[in-house]
Amino acid sequence: MNGDLGAFPRPVLAALAAAERLLTRRAGASVVLADPEDLGGSDRSVVARARVARNPFALPRTLVVKHYLADPDPGLPDPFHHEVASCQLFTALPTEARPSPVLIAHDPVARLLVLEDLGRSSTLADALFGPDPAHAKRCLLSWARALGRMQAATAGRENDFGALLRRQGERAWRDPVADDARAALAGVSELLEEQLGIRVPEAARHEAQDTARLLGGTRYRAFSPSDTCPDNNLVTSRGVRFVDFEWGCFRDVVLDAAYFRVPFPACEASFALPHGMAATMLDAWRSEIAGVWPDLDDVELLERRLLDAQLLWVWLCTWWLLPRITERDGPLGADPTRTPRISTVLAHYWREMAGSAEALGLRASADLGIAVADVLRDRHVDAPPSLPVYPAFRSVA
């Protein structure tokens, strides 16, 4: 490696050194990386950009390296395997349909990926927390279209994805939230009674449990990154591109389309959308998937499936988040300036779901949604009474 490296943390330098070794083995001649830039990552991984200072074959000028720091938990799916298989699936797609960076190389022993650098792009989160409402709206619509394009391009490729995962050593794969979702459908009734004093009617319980069919083998399955929170979506000159596929899977497409209505369930940046924005995003998404699933142009069919997905997410987020406010209602994420209060988020999810359920005749779920939202508001009077819109839209709200 070249350049002044003294200011960089050791994990970043280790990632670049491993990438140099991998690329040198592939090229049969020395590859040197320089000018590292720490792009963050998580507690599981390091992500860094580097310039290719010595390039014996046709490498791009810059690359992104992702290095997984720890071995996977025994008995659980390996996020490295899911990321590799996801990137391989996308790299095989035509350029115009590719929703992610190209996978240039990977090393299963070093647990390392070398990826195309999409440039110093901002994220969807940057737009939503920025000063320009028009730009934020364009980015949301671009994200909705990109989601639809990705789903349309990967429809019918679940067996291919499974084969790629088997090559990585994974014998089984499924939606990583499916187990929690089933646990939520079984346990939220008791949780609401214990923590909020709300007895869930049998009809509401059945309406929620009916949504479990979305977790199985429906006709509308396509690839999902699973974690499509705003900071995992890059805004590039070619539209929004997705990154971070540690939990990539195939599932029913409406489970991701319901992000328009929840919105961005349980993500730290889960603020409200301005009036009418969800419907506009849905139209943009539907225009991309209509050629693959023309029956989803049936408004009644689509609305019912979206309500099922919305209801499932509300129960799942309640399962995840309500226990966190047993003693103290705090911010959803680590940075209180960029994240809402948990009670406000949950109240918003339940109230919005109630409106959707009322419109489609699910009276028991509608009544339950209003009851939960009211109790959360009454118990946490110091919290905002309604979920604020994203900062970009507050000047025009």
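1. Let us start with a pocket: helix H11 (342-359) supplies five residues to the lining of the second largest pocket, the most of any element. A pocket is an open set of points on a 1 Å grid over the protein atoms alone, with protein on both sides within 12 Å along at least five of seven lines, and lining residues have an atom within 4 Å of a point.

2. A word on the model before going on. It is a predicted one, where local features need pLDDT of at least 70 and side-chain atom pairs count only at pLDDT 80 or more, while totals for chains, interfaces and linings use all residues. Residues are numbered from 1 along each chain as its sequence is written, and side-chain values use heavy atoms, with hydrogens and water left out.

3. Back to that pocket, which holds about 450 Å³ of space; a volume is the space filled by probe spheres set on the grid points, which are joined across faces, edges and corners. Its lining has 22 residues, with Phe260, Arg261, Ala278, Ala279 and Glu352 nearest the centre. H9, H10 and H11 are the elements that each give two or more residues. The lining comprises 13 nonpolar, six polar and three charged residues (Ala, Val, Leu, Ile, Met, Phe, Trp, Tyr, Cys and Pro are nonpolar, Asp, Glu, Lys and Arg charged, and the others, Gly among them, polar).

4. One cavity of 30 Å³ or more turns up in a search of the whole structure, a cavity being a set of points where a 1.4 Å probe fits but cannot get out. The largest cavity holds about 40 Å³, and among the residues that line it are Asp175, Arg251 and Trp313. Seven of the lining residues are nonpolar, none are polar and two are charged. Helix H10 (residues 299-321) gives the most, with three residues.

5. Helix H9 (residues 277-289) is worth a look too. Its 13 residues should span 18 Å at 1.5 Å a residue, and its end C-alpha atoms are 19 Å apart, which agrees (the expected span is 1.5 Å times one less than the number of residues). Buried residues in H9 include Met277, Met281, Trp285 and Ile289, where buried means under 20% relative accessible area with a 1.4 Å probe and protein chains only. Helix H4 (133-154), helix H8 (254-257) and H10 are among what covers the buried residues of H9.

6. How many disulfides does the structure hold? There is one, counting a pair of cysteine sulfur atoms within 2.5 Å as a disulfide. Cysteine 229 and cysteine 267 form it, with sulfur atoms 2.0 Å apart. The link is left-handed, at -85 degrees about the S-S bond. Cysteine 229 sits in the loop between strand E7 (221-224) and strand E8 (233-236), and cysteine 267 in the loop between H8 and H9, 38 residues apart. Both are buried, cysteine 229 at 15% relative accessible area and cysteine 267 at 3%.

7. What about cysteine 139? Its sulfur is 16 Å from the closest cysteine sulfur, in cysteine 267, too far for a bond. Cysteine 139 counts as buried, at 3% relative accessibility.

8. Finally, serine 45 belongs to strand E2 (residues 45-54) and is buried, with a relative accessible area of 2%. Leaving aside residues up to four places away in sequence, serine 45 touches Gly40, Lys66, His67, Tyr68, Leu69 and Glu246; contact means heavy atoms within 4.5 Å.

Key
Helices (H or I, at least four residues) and strands (E, at least two) are DSSP runs, numbered from the N terminus. Buried means under 20% relative accessible area, exposed over 50%, partly exposed in between (1.4 Å probe, protein chains only).
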